[in-house]
Amino acid sequence: MAEFFKRTQTLALLIAGIGTSLGGLYTIAPQWALAQLNQLPYIVSDTIFIQHWGFLVLMMGCGFLIAIFRNDWSIPVFWVALIEKLFFVSLVIGYSSQPFTHGFWLSMVMESVICLYIAGYLLSARQSKTKTRQ
């Protein structure tokens, strides 16, 4: 299993980095992003929160991309991303009966796939570290 994650790490970081960085669209074009990506009405009073959230997600995506070149970043970035993305998934599932979640299902699927990969990676890294110590 460790070999699989070693071979796919760069591609996974690239895909997760690009996919996650797309959240930056909420920073530069919040009205367009809400309407086009989430099918939600734009409420001017929410602009600060939308742009702030978009920027934070963009920075998480940049963390993935930096980890491609800085291998020592991989595990810390993966831990932060796992927590952030699992929280997002739990919010979408928790509010699934609300109509405003309809525009978030595709993002939730992407986040879930990334979380599965990260969990496997971290488990594999932990097992490899344990074997190395023995």
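Here is a short chat about the predicted model shown above.

Reader: Before we dig in, how are residues numbered, and what pLDDT do local features need?
Author: Residues are numbered from 1 along each chain as its sequence is written, and side-chain values use heavy atoms, with hydrogens and water left out. This is a predicted model, where totals for chains, interfaces and linings use all residues, side-chain atom pairs count only at pLDDT 80 or more, and local features need pLDDT of at least 70.

Reader: Okay, what pattern does the protein chain follow along the sequence?
Author: Helices (H or I, at least four residues) and strands (E, at least two) are DSSP runs, numbered from the N terminus. By that count the protein chain has six helices and zero strands. Read along the sequence, then, the pattern is α-α-α-α-α-α.

Reader: How much of the protein chain is buried?
Author: Buried means under 20% relative accessible area, exposed means over 50%, and partly exposed is in between (1.4 Å probe, protein chains only). Out of the 134 residues in the protein chain, the buried share is 37%.

Reader: Is Thr8 in H1 buried or exposed?
Author: H1 has a list of buried residues, including Phe5, Gln9 and Leu13. Thr8 is on that list too, so by the under 20% cut-off it's buried.

Reader: Which residues are linked in a network of salt bridges?
Author: A salt bridge is a side-chain nitrogen of Lys or Arg within 4 Å of a carboxyl oxygen of Asp or Glu, and the structure holds three of them. Lys85 pairs with Glu84 at 3.8 Å, and Lys85 also meets Glu111 at 2.7 Å, N to O. The network is therefore made of Glu84, Lys85 and Glu111.

Reader: How many residues apart are Glu111 and Lys85?
Author: Both Glu111 and Lys85 are buried, with Lys85 at 1% relative accessibility. Glu111 sits in helix H6 (residues 105-133) and Lys85 in helix H5 (residues 74-94), so the pair links distant parts of the chain, as the DSSP runs place them. Their separation is 26 residues.

Reader: And how far apart are the closest N and O atoms of Arg70 and Asp72?
Author: Arg70 is partly exposed, at 42% relative accessible area, while Asp72 counts as exposed at 51%. They form a salt bridge, and the closest N and O atoms are apart by 3.2 Å.

Reader: Which helix gives the most to the lining of the largest pocket?
Author: On a 1 Å grid over the protein atoms alone, a pocket is an open set of points where a 1.4 Å probe fits, with protein on both sides within 12 Å along at least five of seven lines; lining residues have an atom within 4 Å of a point. The largest pocket is lined by 19 residues, with Leu40, Trp53, Phe88, Phe100 and Phe104 nearest its centre. Helix H4 (47-69) and H5 each supply at least two lining residues. With five residues, the top contributor is H5.
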